[in-house]
Amino acid sequence: MAAQVFPTKGNLIATKKSLELANLGYDLLDKKRNVLIREMMNLLDDVKKIRDEITSSYQRAYYALQEANISLGVITDIVEAVPIDTGLSVSYRSVMGVELPTVKYDKQPIRLGYGFERANSKVDYAYRCFYHVKELTVILAEVENSVYRLANAIRKTQKRANALKNISIPEFTNTVKFITEALEEKDREEFTRQKVIKNQKDSLAQSS
């Protein structure tokens, strides 16, 4: 890059400005990356806890469903009577320009949509177990989606920071060095030329 730039004071000023902006951009990207990493690490702790809890809750719920099936036979008709849940809504919060979802779950009182004559306490227990699984799934969906978005943003930010650090900043630095050295060499040549001219004038003045 340096060899393609004509060594003038104007180009030196412009390149120094570009170098300054590149360094500033790298610092900002580095800070953004650190903030996003901290945010993601906090969420990863939550993901592990929720996954552990949801695993045990699923096991408990499926065992309860198995017990209900044993006591009443396959309860497909009862399952179909369970009302559809429409209490979910999603909003977003911004962390360093990254939109992270916030899932709001408007919990409704547990409503058993099947008649008591078609069920028993085992069915009720299975229903409540799966209701709890649903609550945990909502939380896990929010956290895992946030982690995915943060990881993607961190990767892109790291890529841009690396490009500045390893490509742009070294190129601008080399260009500044090239132009500075070329201008200094030009100044030395001009100084030498002026000194020669002065010596010649002094010699002519003495001989006359």
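Where do Arg188 and Glu185 both lie, and how many residues apart are they? Both lie in helix α3, three residues apart, about one turn of the helix. I will come back to that pair.

First, the ground rules. This is a predicted model, so to speak of local features we need pLDDT of at least 70, and side-chain atom pairs count only at pLDDT 80 or more, while totals for chains, interfaces and linings use all residues. Residues are numbered from 1 along each chain as its sequence is written, and side-chain values use heavy atoms, with hydrogens and water left out.

Now the layout. The chain has three helices and two strands. In sequence order the pattern is α-α-β-β-α. Helices (H or I, at least four residues) and strands (E, at least two) are DSSP runs, numbered from the N terminus.

Next, the surface. The chain has about 14,200 Å² of accessible surface, and 57% of that belongs to carbon and sulfur atoms. Those areas come from the Shrake-Rupley method with a 1.4 Å probe; for residues, only the protein chains shown count as cover. Of the 208 residues, 27% are buried. Buried means under 20% relative accessible area, exposed over 50%, partly exposed in between (1.4 Å probe, protein chains only).

What about contacts, meaning heavy atoms within 4.5 Å? Take those with a separation of 6 or more: 79% are between residues 24 or more positions apart.

On to the inside. In soluble globular proteins, nonpolar side chains tend to be buried together. A nonpolar core here is a set of buried Ala, Val, Leu, Ile, Met, Phe, Trp, Tyr and Cys residues joined through side-chain atoms within 4.5 Å. The largest one has 16 residues, and Leu36, Val98, Val143, Val147 and Leu150 touch the most other members. Helix α1, strand β2 (98–105) and helix α3 (121–207) each supply at least two residues of this core. The largest share, seven residues, comes from α3. There is also a second, separate core of 13 residues, including Val5, Leu12, Leu19 and Ala161.

Look at Val143. Beyond its neighbours within four places in sequence, Val143 is in contact with Leu43, Asp46, Val47 and Ile50.

Now Thr15. Thr15 sits in helix α1, residues 9–72. Why does Thr15 count as buried? Because its relative accessibility is 8%. Its side chain reaches the backbone oxygen of Asn11 at 2.7 Å.

Thr173 is in helix α3. Thr173 is partly exposed, at 37% relative accessible area.

Finally, salt bridges: a side-chain nitrogen of Lys or Arg within 4 Å of a carboxyl oxygen of Asp or Glu. The whole structure has eight. Arg93 pairs with Glu39, the closest N and O atoms being 2.9 Å apart. Arg93 is in strand β1 (residues 88–95) and Glu39 in helix α1, 54 residues apart. Glu144 and Arg51 meet at 2.5 Å, N to O. Glu144 lies in helix α3 and Arg51 in helix α1, so this pair ties together parts 93 residues apart in sequence.

And back to the opening pair. Arg188 and Glu185 meet in a salt bridge at 2.6 Å, N to O. Arg188 is partly exposed at 46% relative accessibility, and Glu185 is partly exposed at 33%.

Conventions:
A polar contact is a pair of N or O atoms within 3.5 Å; within protein, one must be able to donate a hydrogen and the other to accept it, and residues adjacent in sequence count only if both atoms are side-chain atoms. Contact means heavy atoms within 4.5 Å.
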